[in-house]
Amino acid sequence: MFNLTSPYSITAAQKAAVDEIVGKFRAGSRKQVLLGVTGSGKTFSMAHIIRELDVPTLVLSPNKTLAAQLFQEFKGFFPADRVGYFISYYDYYQPEAFVPQRNLYISKEVSINPELERLRLDATRNLLESRQTVVVASVSAIYSIGSPSDFTEQKIALALGDAIARDVLLDEFVKLGYGRTHDLLESGKFRVRGQMIEIFPTSEENPLRFVFSGSAISRIGFFDPLTAAWLEEKKQVNIFPINYFFYRRARVEAALVKIRLELEERLQYFRGQNKPELAERLRQRALFDIEMLEQFGHCPGIENYSLYLTGRQKGEAPYTLLSFFPPGYLTIIDESHVTVPQLNGMYAGDRSRKSKLVEYGFRLPSALDNRPLNFAEIQERLQNVLYVSATPAEFEVSDSGGKVTSLLVRPTGLVDPEVIVKTVVDPVQDMLSEIEPVVKRKNRVLVTTLTKKMAEKLADFLALKGIRCAYLHSEIKALDRVKIIRKLRQGEFDVLIGINLLREGLDLPEVALVIILDADKEGFLRSPTALIQTFGRAARNIDGKVILYVEAMVGSVRQAIAEAERRRRYQVEYNQNRGISPASVRSPIKDFHDDDFWLKKSAEPLPEDFKSREVLEKEIQKLTAAMKKKAAALDFKSAAQLRDRIKLLKNMLVEWF
């Protein structure tokens, strides 16, 4: 069974919610909703549900940031079990596209993050090897990858005492896509050192070493790629293919026959339509791919031929991460009011883009079968579903048959913030009078506007009035947003102005006042769901308060206030019955590396010790190992800084020596 570890105990309210949900699943319910207010311990409750049901679990998150947070939390809850992280492995992704109106072809450009790729492969390997597995994923979970049967059947299972010729094993590694190297070992490579064979599987954090005695394996284990020291002895291991789209020679040759047939049919179609230029374009591009597949078994954009390489029929749903889960698994959709619409929208957008590529001779029609699942296919594959949100949408409630379990109390006893509606002639001046006393008490303020321009102008106005403030919107770089939020918490400024970035996922216990301008302008940013989520930013401070500025009362405001008051009364009654005194949430401010400081440090001349080539190379190796560890811990900010330092040292190595 899953082994749940936690420094704190489950509360009575959390246990009641867990027991209710687990009981309904065991009674045959396939879909349920957990309505949990901000700060109620939803993730902790989810961990208890996973332990009680004891089934492999997929946790879907609406974005990478929240996915990383959930991954770290579940790793803490289940340290002895397997917790995977499956998100898009691109640092940068520009999809292939064609814009007919401008006759503009945009080629695919990608920058793959090898650490994220390893984590994806590791997640699927975990599912194939253990039922005690949790995988935290983004919507990348519904996109096409290789077949689980191909991934499993191609693996090499090796154990102590196995009799296998060394050359035979090396040949097997090559067949899985691994390349031989004589230099420092890196992911996807193997090397031979006397009676030892060392390989760095793409699904492992550290490389593996096999020691031979004669023609038998006498020792297996992981080792440190930097120091070469043994880390962990193993009795048996599985080596999987280098990636999801690596196939045996026979499979590739069978696919090539079908690709050629489709190419000939498509060329005849274009010629019949009197479009010889499109036929020639497609012929050149497809023949290049065919030649690459013949020679190397791989080609750029190989995923566009996945229909044939995976042996599917035209129109059949692709293999995705969901295909790797065994029967009876649980899916938890976190922040479901955001995640479900994302899942629903992926298919149409992908097909619209690829249809143009097919229509204008850039891709064969079979490329349309390299796609995400459509919503009906997703619904069919999600067997047991728990929608989790503070504001579940009508779809989730309806899809679950009204099976909603509420978790409306917080362990700290904090009640939902008081909501005040104001109709004033000059809301900006009134807002200033509300902000000043909050700032004097050393608390922070969030202000939400409807436009970027308004956010910037409001920041200028408050600055002129002596209020330390900053604005936050989508044009601010992701890493700069993190710095701004941290500076707010540290008190470097007191007011943060934003648009739609002040909702899900922000943990700001210092915020005692949330101001919503133009609250009556109904729409996506001022829907009941959006308003309730924004109210929650003031729900971690005992002095929390929300002010809505309106010209007139509208339905969305009434609904949001009614729900907030219901939750507020519930928590107050709960506190009174149990003698609980509310207390503000305490959340540590995590360490952060300042970019400017790092750049100054990196630009400094090399120390005297580095005037030896050997010492400089060792420093590069040490920083490389540290970078990989930071990336494995999902501290991609620190990993990127170390990467830049490594590049600087390598450049100096070339220049000096």
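Two residues are said here to be in contact when heavy atoms of each come within 4.5 Å of one another. The structure is a predicted model, in which local features need pLDDT of at least 70 and side-chain atom pairs count only at pLDDT 80 or more, while totals for chains, interfaces and linings use all residues. Residues are numbered from 1 along each chain as its sequence is written, and side-chain values use heavy atoms, with hydrogens and water left out.

Glu-303 lies in the loop between helix H8 (276-296) and helix H9 (306-309), helices being DSSP runs of H or I with at least four residues and strands runs of E with at least two, numbered from the N terminus. The relative accessible area of Glu-303 is 17%, so this residue is buried, a word that means under 20%, with exposed meaning over 50% and partly exposed in between (1.4 Å probe, protein chains only).

Another loop residue is Asn-443, placed between helix H13 (427-440) and strand E21 (444-448). Asn-443 counts as buried because its relative accessibility is 11%, and its contacts beyond four places in sequence include Asp-494, Glu-510 and Asn-541.

The nonpolar interior comes next. A nonpolar core is a set of buried Ala, Val, Leu, Ile, Met, Phe, Trp, Tyr and Cys residues joined through side-chain atoms within 4.5 Å. The largest has 53 residues, and Ile-259 is among those that touch the most other members. Helix H7 (residues 249-272) gives the most to this core, with 7 residues. Leaving aside neighbours within four places in sequence, Ile-259 is in contact with Ile-290, Leu-293, Tyr-305, Tyr-308 and Leu-364. A second, separate core of 40 residues includes Phe-71 and Tyr-574.

Among the strands, E11 (residues 189-193) and E12 (residues 196-199) pair in the antiparallel sense over 4 bridges, where pairing requires that DSSP finds at least two bridges between two strands. Arg-191 has Glu-198 in E12 as its bridge partner. The two strands form a hairpin with 2 residues between them, and Gly-194 in the turn has a positive phi of about 65 degrees. Strand E10 (residues 179-180) runs parallel to E11, joined by 2 bridges, with Gly-179 opposite Lys-189.

Side chains of opposite charge can pair when their charged atoms come close. The structure holds 38 salt bridges, each a side-chain nitrogen of Lys or Arg within 4 Å of a carboxyl oxygen of Asp or Glu. One of them joins Glu-204 and Arg-125 (3.5 Å, N to O); because Glu-204 lies in the loop between E12 and strand E13 (208-213) and Arg-125 in helix H4 (residues 114-129), the pair ties together parts that are 79 residues apart in sequence. Both Glu-204 and Arg-125 are buried, and they belong to a network of salt bridges that also links Arg-82, Asp-122 and Glu-129. By contrast, Asp-19 and Lys-15, whose side chains meet at 2.8 Å, N to O, both lie in helix H1 (residues 12-26), 4 residues apart, about one turn of the helix.
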